[in-house]
Amino acid sequence: MQKDTVIKQSQLNKKMTQAIEYFTSGQDQAAEQAFQQLYQQQPSQQVILYLAQLAQRRQAGSEWIEQLEALLHKHPDVPDSYYILARSYQQNRQLPLAAQTFYQALEWRLQHDALTNIAEVQSSEVPIHESASSTKLTPENALLLLLQTLSSLKKAGFYAFPTAGTLLGLEREGQLLENDKDVDIGIDWSHMESAIEHLQHLGWQEEAQSYGLINPRCFRHQSGLVLDLCGYATEQSTGDTISGLWMQDVPFTWNRVTRFSAIQVVSISSPAGEICYPQYPEQILQALYGLDWKIPDANFDTIVCAPNIMQDSYLYYCYAYSHLYTEWKKGNFKKMHVILRVLLQFKPHDSLLKNLMQFVLKQMESQQPCRVLALGFFDLLHPGHLTYLSLAKSHGDYLVVGVAPDAFALKSKGRPPIMDQDERLSIIKALACVDKAVLVGAPMADTERAAHWIAQQRVNLVICGDEWQHTPRWQALEAALAPHNIRVVYIPYTQGISSTKIKESDPMYKNSIANCAKTAGICGRVRD
């Protein structure tokens with residue numbers, strides 16, 4: 001009898017392992033079928049939590065509210081149960097209850113993590129996982145599809161324009177942001193429904209019922225590219241433009257509402273034809289990302305931290321608390337710190353948020369700082385260099401910059417740099433985002449010597465332009481750095497600008513280095 005029980009449990013464990021693999025790989029139908037079978041055999045707490053999340057992915061989280069409430073009644077000390085129940089409440093438009101339950105998830109998790117080893121807590125939890133957006137398009141083709149869609153909308157009489165992260169990428173980097181999950185288009189709120197019909201005619205289909213929102217509306221192309229159609233309305237009393245995250249059938253004050261100055265668009269040419277584009281894009285970007293929008297910041301959470309959020313609201317707290325929780329599960333205490341700073345502006349006397357801030361600060365202090373290495377000649381410093389350096393700094397805590405010496409230029413380019421190595425080193429050291437600048441000790445083509453020199457800098461990451469990705473030189477260097485636990489991270493090359501182009505257009509640029517100092521705000525002010 002005991003042997004049969006052991007065999008049965010072993011079979012259940014195998015089925016659970018397979019079901020979890022389906023869940024984490026985004027095979028939702030197979031996962032739901034597998035977990036339903038397990039539920040019939042053994043309706044455990046873990047199985048219920050997985051099934052509830054799968055229902056939430058198809059916007060049917062309300063189906064599991066009763067079971068989740070019963071589960072919490074029996075086991076009131078499981079943080080994940082509060083989080084998953086809160087998501088079901090949110091989908092069911094019970095926003096006050098959802099915000100309260102997300103808050104309880106944070107309370108219970110703080111109690112657990114304050115008393116238990118964090119690694120042990122994380123290893124025993126239920127994965128909280130969203131299906132990843134998949135696209136077969138290259139970034140260039142994704143941009144072309146965006147432009148074609150904008151052009152078609154314009155021809156149909158819609159003043160649709162790039163906004164949010166898409167506008168940020170186009171303005172800051174001349175391309176779509178790396179790893180951005182979707183493209184963002186703005187439209188007059190009064191034209192939303194007719195614009196949606198036009199998008200569907202172009203092959204865009206609504207994704208997951210737009211996650212329960214009426215603004216923005218979410219669509220997926222057959223290529224896999226996801227598009228958020230963001231409605232902008234005019235507030236009659238002020239003439240200002242408002243947008244944000246809105247749900248249907250709830251009081252409007254419950255929504256997360258953002259405010260902009262009146263948005264005007266102009267017609268510009270693109271590879272796909274005429275499109276609409278904001279006349280003053282920097283105003284939109286400052287409203288969404290603040291005055292430092294040109295500085296890449298991996299820890300900035302637009303939904304929670306946008307400066308133009310009009311006021312706190314139930315939906316705002318649902319997103320803020322849930323984002324705190326998910327970043328906590330990832331161990332991303334830096335992002336938690338950024339979110340908490342904003343939340344404490346709304347709730348300066350909230351004891352849980354204050355205690356959570358102290359906990360996060362303690363975790364950040366205990367973590368070893370991440371040292372990052374950036375490399376380059378930096379001859380005739382330009383905004384592309386500054387964007388590269390600031391993005392490199394955003395990947396860690398301490399930025400080391402390796403400046404290639406004059407001898408490397410003579411060997412690789414056949415000519416000396418315009419500015420000598422001491423001048424270039426001095427300028428790089430003066431930038432506020434740079435913690436240390438040194439001359440590079442070996443060419444990257446000399447794999448063994450280069451890897452040895454990089455290891456001597458005691459860095460964790462090397463940040464390299466993506467034009468070098470998959471090249472034999474950097475593939476060899478990646479392999480040589482791996483034994484030192486040093487990873488190479490590739491970031492987008494800033495299109496349309498280079499030192500070579502500057503030299504060709506302005507041979508006297510060496511005498512106007514002040515121009516670079518003026519743009520150094522991209523990377524923080526130049527140190528005195």
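The following legends describe close-up views of a predicted model. Residues are numbered from 1 along each chain as its sequence is written; local features need pLDDT of at least 70, side-chain atom pairs count only at pLDDT 80 or more, and totals for chains, interfaces and linings use all residues. Side-chain values use heavy atoms, with hydrogens and water left out.

View A. Helix α8 covers residues 139–155; helices (H or I, at least four residues) and strands (E, at least two) are DSSP runs, numbered from the N terminus. The 17 residues of α8 should span 24 Å at 1.5 Å a residue, and the end C-alpha atoms are 24 Å apart, which agrees; the expected span is 1.5 Å times one less than the number of residues. Buried residues (under 20% relative accessible area, 1.4 Å probe, protein chains only; exposed is over 50% and partly exposed in between) of α8 are A142, L143, L145, L146, L147, T149, L150, S151, S152 and L153. These buried residues pack against β1 (161–162), α9 (164–173), β2 (183–188), α10, β5 (226–234) and β9 (275–278), where contact means heavy atoms within 4.5 Å. Just after α8, G157 takes a positive phi of about 95 degrees.

**View B. The packing of α8 on α10.** Two packed helices are described by the angle between their axes and the distance between the axes. Helix α8 and helix α10 (residues 192–201) pack at an angle of about 125 degrees, with axes 11 Å apart. That angle makes α8 oblique to α10; under 35 degrees counts as roughly parallel, over 145 as roughly antiparallel, 65 to 115 as roughly perpendicular and the rest as oblique. T149, S152 and L153 of α8 meet A195, H198 and L199 of α10. The residues of this contact divide into 3 nonpolar, 3 polar and no charged.

**View C. The loop between β3 and β4.** Most residues other than glycine have a negative phi, and most peptide bonds are trans. In the loop between β3 (205–206) and β4 (217–220) lies P216, and the peptide bond from N215 to P216 is cis, with omega near -5 degrees. A208 also has its place in the loop between β3 and β4. Its phi is near 50 degrees, a positive value in a residue other than glycine, and A208 is partly exposed, with a relative accessible area of 24%.

**View D. R93 between α5 and α6.** R93 is placed in the loop between α5 (79–91) and α6 (95–115). The phi of R93 is positive, near 65 degrees, in a residue other than glycine. R93 is partly exposed, at a relative accessible area of 35%.

Definitions and conventions. Axes are lines fitted to C-alpha atoms, for helices over the stretch in contact, and angles run from 0 to 180 degrees between N-to-C directions. Ala, Val, Leu, Ile, Met, Phe, Trp, Tyr, Cys and Pro count as nonpolar, Asp, Glu, Lys and Arg as charged, and the others, Gly among them, as polar.
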